[in-house]
Amino acid sequence: MSIMDFNVKKLAADAGTFLSRAVQFTEEKLGQAEKTELDAHLENLLSKAECTKHWTEKIMKQTEVLLQPNPNARIEEFVYEKLDRKAPSRTNNQEVLGQYMIDAGNEFGPGTAYGNALIKCGETQKRIGMADRELIQTSAINFLTPLRNFIEGDYKTIAKEKKLLHNKRLDLDAAKTRLKKAKMAEAKAISEQELRITQSEFDRQAEITRLLLEGISSTHAHHLRCLNDFVEAQMTYYAQCYQYMLDLQKQLGSFPSAFVSNNNQSSATSMSNASVSSSTAVTTSLLPSTSNTVITPTVSDLKESSGSRKARVLYDYDAANSSELSLLADEVITVYSIVGMDSDWLMGERGNQKGKVPITYLELLN
């Protein structure tokens with residue numbers, strides 16, 4: 001027999017098997033043929049596997065949306081993953097915002113209240129951006145990859161064996177139907193032999209499928225460990241973000257509240273001045289204080305009076321030129337205002353040294 005003849009006979013046999021299965025399936029749907037039911041345990045395992053696949057896909061896709069809200073970025077990462085190539089690193093939203101704030105703060109001037117606050121906020125946003133990168137990377141490795149491996153690996157194998165079981169069941173029921181229709185003794189003998197073979201193949205495939213499906217319990221246990229890893233990664237991320245924002249709040253809250261007001265507004269009425277002074281007192285009482293000293297003096301009071309005040313230095317400051325005074329954190333200096341001086345600066349004295357100092361670096365004392 002030539003190879004061509006063998007292939008033709010094989011194709012004919014496959015076509016006959018396909019036709020037999022199609023007829024059996026159609027008759028079952030029309031209620032004209034009996035259907036072998038799977039045992040209850042196997043049915044439960046199949047249902048559990050399908051349920052696991054359904055919810056694993058949903059959880060996996062929504063986690064990807066949570067970690068990367070940009071759909072275009074997700075598509076790009078998917079393409080690179082399929083090409084087995086590393087996706088190019090891109091700046092995330094927090095880092096972009098942080099850089100904008102830093103650039104704006106440097107443009108406005110680090111010595112100004114607003115510029116200094118922008119720089120500090122920008123640095124914090126960039127730290128949050130780095131923490132977000134770590135969350136995405138850790139979650140992808142410890143949570144998303146195992147879920148994806150199940151969908152693209154284990155479940156595909158289960159689905160393949162499940163389809164084979166369905167086909168073997170159709171073959172078995174088709175053999176039963178032919179045995180019922182057989183009239184002659186010879187035809188019955190052939191049908192009985194065929195039924196024994198199809199029954200054996202069905203039982204063997206059912207056992208293979210059952211063994212695979214029983215592994216779903218192990219999959220659940222593995223996914224539970226992965227879920228714990230994901231929760232731990234989120235806990236670390238949110239704890240970092242909380243700490244970053246807490247530190248930022250302390251830094252911003254330590255600025256004397258009067259620094260945010262415009263001390264050059266000559267057109268303000270006495271009523272508005274009283275209102276600002278009142279709100280300043282309330283705000284100052286709510287802000288965290290780094291010492292036991294109550295911050296009641298304001299820059300406005302200092303500028304309106306001809307006297308001087310003591311002030312504590314909040315941060316180190318390096319003088320930009322000879323007209324400024326370098327500062328060390330926590331030291332106490334004397335400050336006073338000079339007519340015509342920029343509202344963001346005061347004159348500071350330390351012993352025989354004196355020079356301009358930025359008000360954002362000071363905490364006025366009683």
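Is Phe-108 buried, partly exposed or exposed? I looked it up: Phe-108 is partly exposed, at 46% relative accessible area. I use buried for under 20% relative accessible area, exposed for over 50% and partly exposed for in between, with a 1.4 Å probe and protein chains only.

Ground rules. This is a predicted model, where local features need pLDDT of at least 70, side-chain atom pairs count only at pLDDT 80 or more, and totals for chains, interfaces and linings use all residues. Residues are numbered from 1 along each chain as its sequence is written, and side-chain values use heavy atoms, with hydrogens and water left out.

Ring pairs. I find 7 aromatic pairs in the structure. One of them joins Phe-108 and Tyr-114: the centres are 5.4 Å apart and the planes are at 20°, so I log the pair as stacked. My cut-offs: ring centres of Phe, Tyr or Trp (its six-membered ring) within 6.5 Å; planes under 30 degrees apart are stacked, over 60 edge-to-face, the rest tilted. Tyr-114 counts as exposed, at 54% relative accessibility.

Next I checked Phe-150 and Tyr-155. Their pair is tilted, with 6.2 Å from centre to centre and 55° between the planes. Phe-150 is buried at 2%. Tyr-155 is buried too, at 10%.

Cluster. Ring pairs link Tyr-315, Tyr-317, Trp-345 and Tyr-361.

Charges over rings. The charged end of Lys-120 sits over the ring of Tyr-315, 4.6 Å from its centre. I require NZ of Lys or CZ of Arg within 6 Å of the ring centre and within 35 degrees of the ring normal. Arg-127 has its charged end over the ring of Tyr-244, 5.6 Å from the centre.
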